[in-house]
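Visitor: Please take me through the salt bridges here, pair by pair. I would like a close look at where the partners sit.

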Amino acid sequence: MSRKRITIYDLARELGISASYVSRALNDHPSINPKVCDSVKQKARELNYKHNSHAANLRQGSSKTIGVIVPHINQYFFSEAIAGIEEVCFQNNHSLIICQSHESFQHECKAIDTLVHQNVDCILISVSAETQTSAHLQNIRKHNIELIQFDRCMDEVDSFKILNDNQEITYQVSKSLIEQGYRKIAFIGGPSHLSTFGLRKEGFIQAIKEHGLSIPANFIVENALSREEAIEVARELLVLNEPPDAFLSISDHLSLGVLQVAESMGIQVPAQLGIFGFANEVFAPIVKPALSSVDQRSKELGKRAAQIYFEFILNGKTTTPEDKTEIIASDLLVRGSSKRFF
């Protein structure tokens, strides 16, 4: 059985007329007799012809397609961000192509090449943990493709950026732990070259200094993004003579690793150890005890990133902001893993 897609030229051959005549008939052009239009459409149904909207859009100078690149599609934060982007694309009659980098710079570059070859109109990206240079992002603009960064950004790239209040919310998380009586707080952070994680570290240090606490250098660990790395860090720190009495991590996946280590060592959470994470993953409220976390309002973040394209770039909204960075405020969700005092 042939898998060849039926084209407008196949219809033309079957009907014995030109492809341009078929095209006008399918689009009810006023110069074509309505009966002819009906017969052409009937033949199109018989042959299961589908209009190639992508090609038609390209002929009009736009693919009506947006590409999005995220580190992982199976993490709640990114899946919700994608859901927000898709919702706005649907409202504006645009298609969406989704790629993931798996935290690999090489994968990220390949995804960009793929989207460029797909002639997308805009690329929305949250960069990978390995990304330390921006030439591949700058190259997007050379192909007349718009670029919007969200969550994790390369600061030196001139583009719209949609971010969370990373420093402020981490300061509030740290303050919450201190108010619950924790005094020896360990911080598990992400890649230090990305400002998203650098700002979270600054928020933590700000709260520690303001409350006059002293934190050993080995209590601050960076460049950790996997649960396995968090497990290793927790095991090393919790066997010290003076171990941490709380962990603040930049991901619920890291917090889950710490919780597993505490359970295996018979450490009671939150009585002996407080745990606070980020992203409000779906498992956070259902593990025991429920994980305290930061709701980054990722769906709203994704929606706003897509709206920026349609408002300011595609439709030329006249009030384009001088500062192209927008901040989405996060919410503190204090649950059982860090709540000593009820």
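Guide: Asp10 is buried, at 12% relative accessibility. Buried means under 20% relative accessible area, exposed over 50%, and partly exposed in between (1.4 Å probe, protein chains only). Arg13 is exposed, at 59%. These two form a salt bridge, with the closest N and O atoms 2.3 Å apart. The term stands for a side-chain nitrogen of Lys or Arg within 4 Å of a carboxyl oxygen of Asp or Glu. Asp10 and Arg13 are three residues apart in helix H1 (residues 8–15), so about one helical turn separates them. Helices (H or I, at least four residues) and strands (E, at least two) are DSSP runs, numbered from the N terminus.

This is a predicted model: local features need pLDDT of at least 70, side-chain atom pairs count only at pLDDT 80 or more, and totals for chains, interfaces and linings use all residues. Residues are numbered from 1 along each chain as its sequence is written, and side-chain values use heavy atoms, leaving out hydrogens and water.

Next comes Glu87. Its salt bridge is with Lys299, the closest N and O atoms being 3.5 Å apart. Glu87 lies in helix H5 (residues 76–91) and Lys299 in helix H12 (residues 298–314), so the pair ties together parts 212 residues apart in sequence. Glu87 is partly exposed at 26%, and Lys299 is partly exposed at 34%. A network of salt bridges links Glu87, Lys299 and Lys303.

One more pair: Glu222 meets Lys201 in a salt bridge (3.1 Å, N to O). Glu222 is partly exposed at 29%; Lys201 is partly exposed at 22%. The whole structure holds 13 salt bridges.
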